[in-house]
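The tour below moves from the whole chain to single residues.

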Amino acid sequence: TLSTFLFWDSDFVRLSNPHLATMKEDVLYHFSLSTGTHDFPAMFGDVKFVCVGGSPSRMKAFIQYVAVELGLDVPGADYPNICVGTDRYAMFKVGPVLSVSHGMGIPSIAIMLHELIKLLYHARCSGVTIIRIGTSGGIGLEPGSVVITRQAVDPCFKPEFEQVVLGKRVVRSTHLDEPLMEELAQCSADLGEFPTVVGNTMCTLDFYEGQGRLDGALCSYAEKDKREYLNAAHAAGVRNIEMESSVFAAMCNACGLRAAVVCVTLLNRLEGDQISSPHEVLVEYQQRPQRLVGHFIKKRLSAA
């Protein structure tokens with residue numbers, strides 16, 4: 001059967017769920033899409049690059065940027081939200097590039113990824129590369145630095161993602177594709193536009209206490225404790241902190257997707273907790289991962 005074929009061909013997106021084979025229709029509720037009402041192969045079968053990021057506006061801006069970079073832009077063209085039937089996530093497409101918002105935090109990106117990976121599977125996509133582009137807090141880096149993730153680690157600096165499933169602890173590897181990481185680093189060197197490092201990314205459940213901030217509504221530790229923790233993170237190879245990379249890496253790894261995480265740092269957490277750069281500076285910072293990944297996609301397609 002088709003499902004068996006997709007499972008065994010390593011270049012196709014694979015699923016790790018035998019129950020799906022018995023379903024006549026798969027409703028991707030949070031995308032407002034369904035295999036019963038939409039022709040997934042026709043809509044998405046040519047997708048080779050998927051970029052995901054937190055906000056809908058940022059992901060629309062990315063698809064507009066990529067359209068120009070790839071020479072696919074048409075004057076006056078709009079890129080409608082494919083998930084127009086819902087306000088949970090937004091999805092945009094041009095050529096072989098799909099751009100999807102994932103909201104904030106592990107639960108939000110995990111729900112999106114379940115449905116996105118199933119979408120790619122139902123569309124019979126092959127050779128897909130998926131990259132998270134986003135923002136983060138840096139550790140020992142100047143604001144505006146871009147971090148390409150070597151390993152996504154948990155708040156104890158372990159390269160794993162833990163989830164409780166049916167009351168039992170399930171731990172999955174957060175391995176990311178090393179050749180892809182190196183290729184992205186080379187692309188940044190080619191551009192030469194902003195400082196870029198390869199380092200570990202710590203993924204937390206929270207923006208405030210979970211990241212050792214002193215400025216939340218709750219704080220149960222002293223500044224000395226915070227400094228010791230962030231210095232320990234730096235010693236463990238952590239160069240930035242965000243809230244999505246561990247489950248992103250775990251799910252992509254489990255489904256055979258080549259994946260990478262590229263985030264810009266908005267501040268150096270060793271020097272403070274609050275993001276105080278002017279708005280226009282932050283906007284330019286947020287464009288840096290987009291420019292790097294846009295260059296990567298363009299380079300890949302020109303070599304194909």
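This is a predicted model: local features need pLDDT of at least 70, side-chain atom pairs count only at pLDDT 80 or more; totals for chains, interfaces and linings use all residues.

**The whole chain**

Residues are numbered from 1 along each chain as its sequence is written, and side-chain values use heavy atoms, with hydrogens and water left out.

Switch to a cartoon view to see eight helices and 12 strands. Helices (H or I, at least four residues) and strands (E, at least two) are DSSP runs, numbered from the N terminus. The radius of gyration of the protein is 19 Å, close to the 19 Å that the globule rule gives for 304 residues, so the protein is as compact as a globular protein of that length. This radius is taken over C-alpha atoms, and the rule is 2.2 Å times the number of residues to the power 0.38. Along its principal axes, the C-alpha trace spans about 60 × 50 × 35 Å.

Of the 304 residues, 46% count as buried; the term means under 20% relative accessible area, with exposed over 50% and partly exposed in between (1.4 Å probe, protein chains only).

**The annotated domain**

Select residues 48-298, which UniProt lists in an unreviewed entry for "domain: Nucleoside phosphorylase". UniProt positions are given in the numbering used here, feature names are shortened, and annotations may be inferred rather than shown by experiment. Over residues 48-298 the chain is 35% helix and 27% strand, and the end C-alpha atoms are 12 Å apart.

**Strand β7 and its partners**

Next, select strand β7, residues 146-153, where six of the eight residues are buried. Which strands pair with β7, and in which sense? Strand β10 (residues 196-203) pairs with β7 in the parallel sense over six bridges, and strand β12 (residues 258-268) pairs with β7 in the antiparallel sense over three bridges. Two strands pair if DSSP finds at least two bridges between them. To locate these pairings, find Thr-149 opposite Gly-199 in β10, then Ile-148 opposite Val-262 in β12.

**Helix α7**

Move to helix α7, residues 245-254: eight of its 10 residues are buried, so the helix is largely enclosed by the rest of the structure. Among the buried residues are Val-247, Phe-248 and Met-251. Gly-256 follows α7 and has a positive phi, near 70 degrees.

**Two listed positions**

Finally, select Gln-211 and Arg-213, which UniProt lists for "binding site" in an unreviewed entry.

Gln-211 lies in the loop between β10 and α6 (223-235). Is Gln-211 buried or exposed? Gln-211 is buried, with a relative accessible area of 3%. Leaving aside neighbours within four places in sequence, Gln-211 is in contact with residues including Asp-206, Glu-242 and Arg-269. Display side chains to find the polar contact between Gln-211 and Thr-204 (3.1 Å). A polar contact is a pair of N or O atoms within 3.5 Å; within protein, one must be able to donate a hydrogen and the other to accept it, and residues adjacent in sequence count only if both atoms are side-chain atoms.

Arg-213 is found in the loop between β10 and α6 and is buried, with a relative accessible area of 1%. Leaving aside neighbours within four places in sequence, the contacts of Arg-213 include Phe-207, Tyr-221, Arg-269 and Asp-273.

Technical notes:
Contact means heavy atoms within 4.5 Å.
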